[in-house]
Structures are given as C-alpha cells and as structure tokens.
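Visitor: I would like to learn how to read helix packing in a model. Where do we begin?

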Amino acid sequence: MSSKAAKLLAEMDGEDNDAKNVQALIVFHADKKLASPQMKEIERKLVALEKSKQLRVTSMLQPFGNKESEEQLISKDKTTVMAIAEIEQGGRTVAELREQLAKAVQVEGVRTYLTGNEFINEDFAQTSLDGVKKTELLTVLFIITVLVIIFRSPVTPLISLLTVGLTYLVSMATVSHLVEAVDFPFANTTQTFLILVLFGIGTDYNILLFMRFKEELAKRNDVAEAIIATYQTAGKTVFFSGLAVLIGFSMLGFSQFSVYQSGVAVAIGIAFLLLALYTVVPFFMAVMGRAIFWPSRKLDSHGENGLWRKLGHFSVKRPVISIVLVGILAGSWFFHEGRLSFDSLQEVNPNYDSVRGFRIVADQFGPGQTLPTTVVIKNDERLDSPEALAFLDQLHQKLSRLPGVKTVYGPTQPGGEPIDQFYLNDQAKGVENGIGKSTDGLDAISAGLSQASEKMGAATTGDLNQVGKLVDGTKAARDGLNQVQQAMKQIQSGLGQGSAKQPGLAKGLAQLESGLKQISSSNEKLVGEYMKISGGLDQLAAGADGLRQQVAGIKALAAQINQAADKLDSNDPNVQEIKEKANLLLAQAGGVEAGMNQLQGSLSRAAQGLKAANGGLAEIAVAQKQMSYAANQMTQGAKRLASGQAQAVDAVDQIEDGLNAINQGQKRLDQGLGQFAASIKQLQSGLSSSAKGVEKISAGLSEANKYLGQVTGSGATRTFFVPEEARKNKDFQKALDMYMSKDRQSAKWTVALAEDPYGEEAMQVAKSIEETVRATLKHSPYEQAEFGVGGVSSINRDLQGMSAEDFSRTVILMLVGIGLMLIVLFRSFWLSLSVIAALVLAYFSSLAVTEFGFSHLFQYPGLSWTVPFFSFIMIIALGVDYSIFVLMRYKEYGLHRPTIAIKEAMKHTGSVVISAAVILCGTFAAMLPSGVVTLLQIATVVILALILLSAWILPLFIPAVIALAERLAQPKVKKSTVSEPAGIEL
C-alpha cells in the first residue's frame with residue numbers, strides 16, 4: 001500500500017515513476033524564545049527556499065502567512081519553528097541534497113536540523129558503514145589471534161586470511177557489477193554479512209582442511225598423497241558444508257523484499273570461497289608442504305575433545321534422557337513474545353542531526369508530527385465539484401475520528417480545522433435568519449399590495465374620469481370655431497361691400513374677438529385636464545415600478561428558499577412543504593408580473609394619446625396667436641383688412657386642423673384609458689389575491705423556519721458545501737493546490753498521528769486508515785478510484801506483512817532444500833530430519849533468550865524486524881556445517897556399528913566443531929561495537945545458537961538419535977554377521 005501511495009504521489013506531482021521527491025523536515029530551534037528578527041530571518045529563508053531553482057522545492061508547508069499553519073508549526077513556547085518541504089531529488093544523492101539544503105536554511109544564532117525518513121535512512125546507512133569498518137578490523141584481528149593459537153604458526157593464518165580476503169574482494173566486485181548491470185539487490189547489511197560469513201566459515205573450512213592435512217602428513221611422508229587424502233575426506237565435508245550454505249542463502253532469491261533478496265550476495269561469495277578453497281589452498285599446501293605449519297614441527301593429529309567425548313558416551317548410553325535434556329531448551333520459547341521493532345532511529349547514531357531534529361519535533365509538537373502518514377486517492381474525474389468536495393470532507397472527518405489520529409490536513413481543511421462557513425448547518429442558519437427576515441418583508445409586501453390595490457381603485461375613479469370633461473371642452477372649442485367661421489363670413493361680406501358698410505365689419509370683428517376668447521378659455525381647460533391625467537399616469541407608473549421591485553424580491557426570495565431546501569433531506573415532508581410553498585410564491589409572483597406587463601402596455605398607449613392631444617393643443621395655441629394678431633390689424637385700419645383677413649382665414653384652417661388632431665388624440669386616449677381601466681381592475685384583483693397569498697406563504701415560512709432551527713441544531717446538516725463563487729476564489733484554489741493535483745483528479749491528506757510513527761500502535765493506526773479509506777470508497781460513487789497510504793508507519797506495516805510472508809516462504813524453501821541435500825548425502829530421512837530439528841531448536845531457543853534480554857533487561861521495544869529472518873538464515877546455513885562435519889566423519893567409520901562410529905566421530909570432530917564455533921562466535925562478536933542495534937541483536941542470537949549447538953545440542957542429540965535408531969533396529973543387527981554400513985535406515 002505504501003508503494004502504491006508513492007506511485008500515486010509521483011503522478012500527482014507530475015513526475016514519472018522513476019522520479020523521486022525527498023520530504024524534508026526543517027527544524028529551527030533555540031534554547032529560549034526566538035526573537036522577532038530571528039523569526040523574520042527564518043521567514044525570509046523559507047520564502048527564498050521555496051523560490052530556489054537550485055533546490056527545486058515542489059511544495060512547502062510553512063508557518064508564516066497562515067494563522068492555522070502558525071499554530072501547527074510554531075511551538076507554544078516559541079523556541080521551535082518547523083517547515084515541511086517536498087524537494088525534487090533529481091540526480092543528486094540524499095547527502096548532496098542535504099548539504100545544499102543545510103546551506104540554504106542556515107540562520108545565525110539559531111540551530112537548524114534537517115530530519116525526515118530519507119535523512120534518517122541516510123544516517124542509518126552511514127552508521128552501518130562505520131560499523132562495517134569496525135567489524136572488518138576486529139574480525140581480522142580476532143581470526144589471526146585464534147589461528148595462531150590453534151596452529152601455533154604465523155604462516156597458516158596468513159594463508160587462510162589471504163584465501164578468504166581474496167574471495168571477499170572478488171565477491172564484492174562481482175556484486176557491485178551486478179548491481180550496476182542488472183539492478184542486483186543490495187542493502188546496508190549486504191557488505192557486513194559478506195564479511196561475517198566469508199571470514200567466519202571460510203576460516204572454519206580452512207581450519208578443517210589444515211587440521212586434516214596436518215593429520216595426513218603425520219601418516220605419510222608424501223605431500224601430494226596427503227593433499228589428496230585431505231580432499232577425499234575433509235574436502236568432501238567442506239564441499240557439502242559449503243553447498244548447504246550456498247543452498248540456504250540462494251533461497252533468499254525467492255523473497256519479495258529487496259533487503260532479504262540482497263542476501264543472495266552471500267551465496268555468490270560462498271561459490272567463490274569454494275573455488276578458492278579448491279584452488280588457492282591446495283596450491284599453498286603443495287608449494288609449502290610441512291613449512292605451512294612453521295615453526296611447529298609436531299605433525300600429529302589434533303587431540304580429542306574431552307567435552308564431546310563425555311557427552312557422546314552419555315548420549316549413546318542414555319539416548320532418551322539426552323533427548324529430554326535437549327528438549328528442555330524448548331521451554332525457553334515460552335519467554336518469546338514476538339515483539340518486533342521498526343524504529344530506525346534506534347539504529348542511528350544519536351549524535352546525527354536527523355535524530356536530534358526528530359527528538360526536538362517529538363518533544364515540541366508530538367512524535368506523530370515528525371513523520372506523518374499520507375493518504376492519496378486518484379479518480380478518473382475531477383474532485384473539485386461540490387459533490388466531490390463533500391465526499392472528500394466526509395472522508396476527512398472519518399479519518400479525524402480514528403483512534404490514534406491527532407490532526408488531518410487536506411483539501412477541505414488545509415489548516416487541520418473545519419471551516420464552519422463551508423458547512424450546510426452554518427449556511428442553513430443563515431437561511432433560517434433570512435427566512436425570519438423574509439416573513440417580516442412578506443408582511444410588509446402584503447400591506448403594500450393592499451395599499452396599492454386601494455390606490456388603483458382611487459386612480460380609476462379619480463383623475464382618469466376627467467376624460468369626459470375633455471370631450472365637453474373640445475365640443476365647446478368646436479362651437480367657438482363655428483362662431484368664428486360665421487364672423488369671418490360676415491367680414492368677408494363686409495369687405496366685399498366696401499367702406500360703405502363699415503358697421504358690418506365692426507360687428508364681425510366683435511364676434512371674432514368673442515369667439516377667440518371662447519377658444520382660449522376652452523383651450524386652457526383642456527390643458528388643465530390633460531395635466532391632471534398626466535399626473536395620474538405618473539403616479540401609476542411610479543407605483544408600477546415599486547410593485548415590479550417587490551415582485552422581483554419575492555421571486556428571488558422564493559428561489560433562495562428552494563435552493564436551501566434542495567440541500568436538505570428531500571424525503572422529509574417538512575422540506576417538501578417548504579418547496580411547495582416556495583413554488584406557490586413563485587407562481588403568484590409570476591401572475592402579478594404578468595399584470596404589471598399588461599399595465600405597462602396600457603400606460604404606454606395612454607401616453608401616446610396624451611402626446612397626440614398635446615400636439616393638437618400646441619397647434620391651436622399657435623393659430624390663436626395668429627388670429628389675435630390679425631384681429632388687431634383689422635381694427636387698426638381698413639387698409640390692412642385684406643391682409644389680416646387672409647391671415648385670419650389661414651388661421652381658421654390651422655385651428656380646424658388642430659381640433660381634428662385633438663379629436664383623434666382624444667379617441668386614442670379614450671380607447672387606451674378604457675383598456676387601462678380594465679387592466680387596472682384586473683391588477684387590483686390580482687394584487688388583492690397576491691396579498692392574501694403572501695400572508696399564507698409568510699405563515700408557512702414561519703413554520704419552515706422553526707423546522708430549520710431544529711435541523712441546524714441537530715447537526716444533521718453537517719455537510720461540506722462551497723458556493724461557486726468561493727470555489728473560484730484564489731485563496732481557496734491555493735489551498736487546493738497544496739493537496740490536489742493540477743488536473744484536480746488526485747487528492748491527498750497529511751495525517752499526523754498521536755503515536756510514535758515507528759511504534760506498533762502507529763502501524764495499527766495505519767491499518768485502520770487503510771481500512772477506512774477502502775470502506776468509504778466502496779460505498780461511494782468513487783468506488784473505482786485508486787488509493788494508497790504512505791508514510792513511515794504505513795511502510796513499516798507493509799514491511800511487517802511482507803517480511804512475515806517472505807520469512808514463511810524462505811523457511812520452507814531453505815529447510816526443504818537443505819533437508820533434501822542431507823537425505824541425499826546421508827541416505828537417511830530420520831537422521832536428516834534430526835539435524836534440521838536440532839538447528840530449529842537452537843534458533844528458537846536463542847531467539848527467545850535474546851528477545852527477553854533486550855526487551856526486559858535493556859528496555860528495547862523488541863527485536864529489530866529483520867533479526868528473526870537473518871538470524872534464522874545464519875543459524876540454519878552455518879549450523880548445518882557442524883552437523884555435516886560430525887556426520888561426514890561418522891560415515892568414515894561405516895564398517896563399525898553406528899554407536900561406535902558416532903563415538904569415534906565425536907572424539908575426532910569435537911575440537912574442530914568447537915574451534916569453528918569459537919571462530920564464528922568471535923566473528924559475529926565483532927559486530928557488537930558497531931553501534932547498529934540490528935547487527936548487535938543478530939550477533940547475539942547467532943552466538944547463543946552456536947554455543948548451544950556446539951556445547952549441548954549436537955553432542956547430546958545426534959548421538960542419542962543414532963543410538964535410539966540402533967536399538968530399534970537391534971533384531972536386524974543380531975541376524976547380521978557384518979557391521980552396519982554407514983547411515984541409519986529405519
């Protein structure tokens with residue numbers, strides 16, 4: 001799951017699968033509160049780091065500029081500031097990247113630490129390399145000392161070291177080439193194990209060969225014959241022993257975990273070791289002969305080992321008791337608790353900055369803040385829609401509620417805390433308040449509609465009824481015009497009769513003046529009535545605009561109510577009632593709006609009629625002025641009468657045209673006002689109905705408001721919802737950029753645990769996180785989305801599962817492989833099974849004792865997680881050598897009875913086995929000062945197992961099994977006159 005997370009995160013950052021980011025925790029720390037200038041300098045360094053093209057920071061979480069981040073990344077006592085940066089590694093090593101980063105964030109007067117999983121692993125590797133250097137030196141010194149003591153010669157140890165050293169160099173060169181050429185698995189422990197195994201068993205094999213060569217030289221004078229005899233006996237033992245080790249370490253190639261697979265390098269080393277033992281060693285034997293043991297001249301065989309001789313005799317004589325005594329060791333397994341530690345920090349030198357930084361962050365912010373767990377999902381569609389964001393927040397809340405989780409940072413809660421205004425219950429409270437205000441507004445609207453209806457009634461019976469008076473005024477104007485026409489005829493007649501008839505002219509002029517006055521009076525009345533109509537129409541237009549605004553407000557309110565109701569439970573009858581009343585409000589508002597549109601049309605037509613009438617009145621006024629002017633002219637003199645008469649005649653024509661225009665305008669006005677009156681009555685009726693409907697809606701909204709208050713108070717609407725305007729906001733998009741991919745199809749969460757990220761509890765939390773994400777996705781529209789859980793805790797959990805699976809597989813393959821070889825070699829199933837049982841017993845006993853000692857005496861959380869695996873490999877692969885040493889010698893006495901043969905074999909191999917065990921124990925003991933807890937624990941398990949094998953299990957168990965088998969086969973022995981052949985057949 002952690003590897004899946006790493007892949008998804010790489011894709012999320014726009015990288016290919018081979019690219020890698022390094023997560024760095026930058027820790028600024030001082031013994032006392034950081035001063036303001038120091039804080040500003042830290043901020044400046046972090047801003048510059050984020051923009052640095054050389055370091056290539058892909059993302060950064062830092063405390064400045066964000067209050068929520070400040071609370072999370074600055075300690076309460078203000079002595080520590082932390083920033084988390086994702087940095088593209090590129091072609092740089094972790095060491096090179098760390099060096100560049102350290103220079104970039106250095107602040108004067110403030111201690112700066114760089115920590116994080118990659119930096120801790122890098123320091124662990126360096127600690128391991130330092131341990132290897134110590135191991136190499138101590139191993140060589142120890143082996144030289146032991147060989148000098150055994151052979152009492154400086155030559156033999158040099159030849160042995162030369163052979164093993166040459167093998168080691170060739171093996172490391174070969175493995176290095178394989179790593180570069182075919183990506184051969186290599187781990188920090190590979191070099192250490194090569195040194196231990198090659199120098200350990202290589203020295204053992206050399207001891208066996210040289211001791212046998214010394215024994216053969218004492219029997220015969222010919223060096224060549226002694227070499228041949230040595231390799232015919234001890235050479236076979238070395239070959240099959242080496243083959244068993246080769247098979248054991250080769251089985252690691254079937255592991256899935258690369259750290260375990262790296263053990264195959266030891267198998268390569270064993271192959272080169274066997275080649276050297278069969279070429280280099282015989283070469284020195286042939287060239288140097290007896291001088292190989294200089295200055296010692298005593299060439300007798302090595303002496304008998306008293307311990308093995310006594311234990312062998314006892315086990316042959318008391319096989320059942322011996323097996324019981326050996327079986328007592330199995331009781332140590334009751335002390336085994338199976339506690340494994342995945343804490344890499346205990347493997348690292350505590351003086352490294354990565355460890356110091358980790359400890360500071362753990363003390364100031366909690367251990368889970370240092371190495372958080374990361375959750376990442378990838379979907380085929382965008383995850384920034386309202387529905388998707390609501391789902392992401394739902395998952396966020398589920399993760400936050402898990403036991404062992406301290407804080408979760410994600411797309412919907414970038415600061416680790418919910419943003420209240422983005423939740424429906426908070427928004428519903430706003431709707432609740434809005435509905436309360438809306439009911440008040442609706443009451444006001446209802447009252448306004450009622451008042452508008454009354455004013456409409458008054459408007460239709462008041463000024464608009466003055467149209468009849470306009471008609472009467474126009475009729476009076478026409479009568480006056482007729483009089484003018486008659487007067488004009490008389491004037492025309494008087495002009496025709498000449499000056500003799502001057503009295504007729506005067507009378508006509510008097511009538512003309514009287515008619516003009518009547519026209520002027522009628523015209524003034526018409527203008528007054530038009531002004532009243534125009535004022536009424538203006539009032540109606542203003543009222544119509546106000547009503548239109550109120551209708552628009554009603555429609556907006558109804559839409560808002562509908563939108564809020566859509567976010568609530570659609571199956572709730574109260575919600576359905578709210579939506580029905582809102583739709584009713586929309587329908588009635590639409591009816592009012594239609595009436596308003598009809599009213600607007602009527603007002604437009606009335607305005608057109610008034611415009612036409614006003615045009616006619618203007619023409620009349622112009623004509624009247626002309627007539628008055630003409631009459632004055634006629635009174636001044638007869639000479640001007642002709643000219644004035646002509647003008648008067650023209651003016652009468654213009655007046656007649658004006659009256660006709662007025663007549664047409666009055667007809668239009670009369671028609672428009674008739675339609676307007678009908679519309680006003682419809683509008684008045686609609687407004688009355690709307691007022692009653694608004695009253696009902698107001699009552700319904702009051703009930704809905706009570707329901708919303710109950711819902712928001714219950715927390716049932718705790719659903720994430722970001723309005724479109726807020727989603728497009730730059731700040732919100734910036735938060736999404738931190739936790740989502742550019743295409744918005746991937747999202748991630750940073751989960752800070754309340755537990756130590758290396759602890760067993762944190763691994764269980766990582767398991768809960770994985771199960772929660774899987775279950776949440778399964779029951780959502782995003783079931784097909786990919787997801788992964790990363791971070792140290794998740795990685796360690798994956799390691800735990802993978803190592804357990806690899807351990808089971810490797811145990812079976814290794815035991816089967818070595819068991820088959822033993823069956824082929826010794827032709828006995830039960831004897832081979834006994835050897836395997838002895839090795840397994842030694843392993844479990846030593847593992848239980850080591851775990852108990854480290855857990856209870858040295859207060860470690862448990863054995864390092866690789867200890868059981870590598871300890872098993874070492875004990876089985878190396879321990880089987882001792883069994884082969886004994887049983888190959890046992891086969892040499894095949895003509896004797898099995899019990900006699902095994903006693904002779906015990907006497908002659910006891911010293912070799914114990915010497916070999918001492919060599920291996922000393923070799924593994926060289927790891928104790930390395931400072932690496934894993935190596936120290938492996939060394940302890942292997943040393944204890946080798947001591948148990950060489951001093952207790954093998955000398956008691958193997959002879960007892962052979963003796964017991966002989967007793968069971970006693971009838972066959974009695975019938976036979978020949979000694980039992982080698983091997984035990986049951």
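**Reading a helix pair**

Guide: This is a predicted model. Helix α8 (residues 223-250) packs against helix α10 (residues 264-277) at an angle of about 165°, and their axes lie 8 Å apart.

Visitor: What describes two packed helices?

Guide: A packed pair is described by the angle between the two axes and by the distance between them. Here the angle is about 165°. Angles over 145 degrees count as roughly antiparallel, so α8 is roughly antiparallel to α10.

Visitor: Is the crossing of α8 and α10 left-handed or right-handed?

Guide: The crossing of these two helices, α8 and α10, is left-handed.

Visitor: Which residues of α8 and α10 meet?

Guide: On the α8 side they include Y231, F239, L246 and F249; on the α10 side, V264, A267, I270 and L274 are among them. Leaving out residues up to four places away in sequence, F249 touches V197, G263, V264, V266, A267, I873, M874 and A877.

Visitor: Which residues have the most contacts inside the largest nonpolar core?

Guide: They are F249 and F924, in a core of 144 residues. Helix α26 (residues 867-892) gives the most to this core, with 18 residues. Apart from it lies another core of 33 residues, including L389 and W749.

Visitor: How many helices and strands does the protein chain have?

Guide: The chain has 29 helices and 10 strands. Of its 986 residues, 52% count as buried. Among contacts between residues at least 6 apart in sequence, 83% join residues at least 24 apart.

Technical notes
Residues numbered from 1 in each chain as written. Predicted model: local features only at pLDDT ≥ 70, side-chain atom pairs only at ≥ 80, totals over all residues. Heavy atoms only, no water. Helix = DSSP H or I, 4+ residues; strand = E, 2+ residues; numbered from the N terminus. Buried < 20%, exposed > 50% of the residue type's maximum accessible area, 1.4 Å probe, protein only. Contact = heavy atoms within 4.5 Å. Core = buried A, V, L, I, M, F, W, Y, C linked by side-chain atoms within 4.5 Å. Axes fitted to C-alpha atoms, helices over the stretch in contact; angles between N-to-C directions. Parallel < 35°, antiparallel > 145°, perpendicular 65-115°, else oblique. Left-handed = near helix turned anticlockwise from the far one by under 90°.
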